[in-house]
Amino acid sequence: MSSTFPTHKQVVIIGGGIVGCSLAYHLTKLGWKDVVLLERKSLTCGTTWHAAGLVGQLRATQNMTKLAQYTTDLYRALEEETGQATGFRNTGSVSVASDSERFEELKRGASMARVFQLEVELITPHDIADLWPLAKVDDLVGGVFLPGDGQTNPVDTSQALAKGAKMGGALIFEETKVHGILQKNGVVTGVSTNRGEIEAEFVVNCAGMWARELGKMCGVNIPLHAAEHFYFVTEAIEGFKSGSPTLRDPGGHTYYKEDAGKLMVGAFEPIAKPWGMNGIPEDFCFDTLADDQEHLAPIFEKAVHRIPLLEKLGIQLFLNGPESFTPDDRYLLGEAPELRNFFVAAGFNSIGIQSAGGAGKVLASWIVNGHPPMDLWDVDIRRMLPFQGNAKYLHDRTVEGLGLLYAMHWPFRQFESSRMARISPLHDRLARQGACFGEAGGWERANWFAPEGVKPEYQYSYKRQNWFDYSAKEHQAVRENVGIFDQTSFAKFLLQGRDAELVLNQVCANNIAVPVGKLVYTQWLNERGGIEADLTVTRIAEDRFLIVTAFSTEQRDFHWLKTHIPEDAYAVLTNVTSAFAVLSVMGPRSRELISTLSNADLSNQAFPFGTSQEIDLAYAKIRASRISYVGELGWELYIPTEFAPSVYDRIVEAGQSFNLKHAGYHALNSLRIEKGYRHWGHDISPDETPIEAGLEFAVSLHKNGGFIGRDALLKQKERGIKKKLVMFALDDPEPLLYHNEPIWRDDQIVGYITSGMFAHTLGRSIGLGYVEHAEGITTEFVNSGNYQIEIACDRYPAQASLRPFYDPKSERVRM
């Protein structure tokens, strides 16, 4: 495509699928013309060429939906801009439900679509028959129609993006294989290829199913694995209407698309076939894999049930092509934490076509401006941990992952594959207590405890699940007596050195210049004032600080702090997560219980809230921190791993006299939401500031030396805010809140629930969510409205409050 091979470029993009072409296009749109795209064979020859070309808009979160909406708009206009046909058609899509639980899921999705300004219609089986005359509908409960969805030709759309990139000044070279990533002092410096080396400021890995191996060249972990992915195309059908909407039957694991008068049927079978375990063939180019009609037979049977005509139609094409999948079915985007200026956009889990436009746009902005333009945590590569690059782990998770795209997205659904990767030293003891474990970040964590005689196993539903009453008792025990949580999965870092305080005080919004033994709750902000992290910092010595954060942000938070340590600073950061188990003893009687095992003075005077001490407990020396995420008196106990089992045994033994109750993460969540405590990734993110989130109490605006984001907060205080985090309590005790439910104020949608749970102390569902108002948010505005929360297309009256409904003065944690 281009002639003279360059020796230096500002940006090198590796991979000529639709994502790489989109990134090149969007970089040139931002004025960066010194860009080259390298493709090992031919553009689109990996997985793009055989994609079905579906362009859906509704995704699991607001920002992902915004990106999908942008993609649709881009494809719609691309042909006019470039002169290259794309084949885009605005056909709409229909999703159908054959049972009430699936219809509940679709209705909840429809409610969410309204928040995101997506046109959506609930439709009846009769409506479905009108839109899809070929479909059997007498067993359906209902469906959802999204008129704005579309279809496109993946190859033509990629070529249009490539043409647009070249029109903007980018170069594209095919038949150019990258066989090395150049780096120096932890920064990428270029690539080596079969045509020579190219020096570069930025290198972007858009290599699709080759991305993992490419990452290994430079020590970057890119957890993805290819899987066989099937569809077939029938012979032509007389009278089949061109431009028919895409039909999705998730209960049948299938989708249906009109394709030039023929019927394309795609499959997301529950048990998938990983591929490429021994590497991808060197000459792989526009290749397909062997047919496996036996594997697909159960899916074909479901397809015939939904489209009876299939039984009589001939199959013109049976296609089996590989696509790459990640451990959590979300793609990988952003700067790799292992190598500065090395970016990744890969692992698109069969939604690469509908994601490419938005992903290319935000990644280009990230590269050009030095930060993402919005909260992209859903797909941020920093959520992945080193162990997730393990080949066996990826293989086994891929067996399950492909099918989950069409499986029921139950609340609290747990992965079943690749389990028992990371376990607490107390795992077996908790199992004997009846723990039902969930998986999070590879950790096996006790989510709830089954009483004797009950199997600790989930029975999923959108209503009250089988563990609801058991978790309620755990919740009640913590509120009224004492409970114990295993929170070993906390990520724990140690920052040491004479400049440690100086470094942390620049990164932390709160003041870290505190006496030894003081524990500080704080946020880490970006330059725009957005919340990058939410955690605690404990000063354990003059030159040593313990940082405790969530398991989910272990990689992200470590990377954030590491990159904000000046090169000349005397400060060393160490991940000590595996060094300590954590037991949290929480509840009004926690002081009494711990006092039976330790001679430490736990009184308010000697051990006030927000402090931390080393104490003797049982036969161990541990760190006890008086802090709470449940809104009750309690201590987090940081125990050297080898001492954890014996300390646990002594606490449980002593706890018999106090009716100590084991409690899991579902109870922890209901307790924290009832108290109005925020959760990073749900209630707070880089898109929100502490002022908007009601966290100003954790910000020290006038401390010496300032901090990252201070100026942005001062400006926001001056001009006022347009959204505010509010707590909502439903009047009706029956409905359940989870997240993304629309918030109605005086018959207008003003936001959505960011996290919700049933509050057992209050006897109704509680949710947190931002109320937005373009003309500014005031306390009067929040308090003067009449509120409803929409759940599965029905509205329920709710009470709004800027203060927690439970213990609004936070007196109980200071008992």
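Helix 13 contributes the most to the lining of the second largest pocket, with four residues. The model described here is a predicted one. Two or more lining residues come from each of three elements, namely helix 8 (352-369), helix 13 (554-563) and helix 17 (710-719). By residue class, the lining of the second largest pocket holds 16 charged, 13 nonpolar and twelve polar residues.

A second feature is the packing of two helices. Two packed helices are described by the angle between their axes and by the distance between the axes. For helix 1 (residues 18-29) and helix 5 (residues 154-167), the axes come within 8 Å and cross at roughly 30°. Because angles under 35 degrees count as roughly parallel, helix 1 is roughly parallel to helix 5. The crossing in which helix 1 passes helix 5 is left-handed.

On the side of helix 1, the contact is made by Ile18, Cys21, Ser22, Ala24, Tyr25 and Thr28. These residues meet Pro154, Thr157, Ser158, Leu161, Ala162, Gly164 and Ala165 of helix 5. The contact of helix 1 with helix 5 comprises eight nonpolar and five polar residues, with no charged residue taking part.

Conventions: Residues numbered from 1 in each chain as written. Predicted model: local features only at pLDDT ≥ 70, side-chain atom pairs only at ≥ 80, totals over all residues. Heavy atoms only, no water. Nonpolar A, V, L, I, M, F, W, Y, C, P; charged D, E, K, R; others polar. Axes fitted to C-alpha atoms, helices over the stretch in contact; angles between N-to-C directions. Parallel < 35°, antiparallel > 145°, perpendicular 65-115°, else oblique. Left-handed = near helix turned anticlockwise from the far one by under 90°. Contact = heavy atoms within 4.5 Å.
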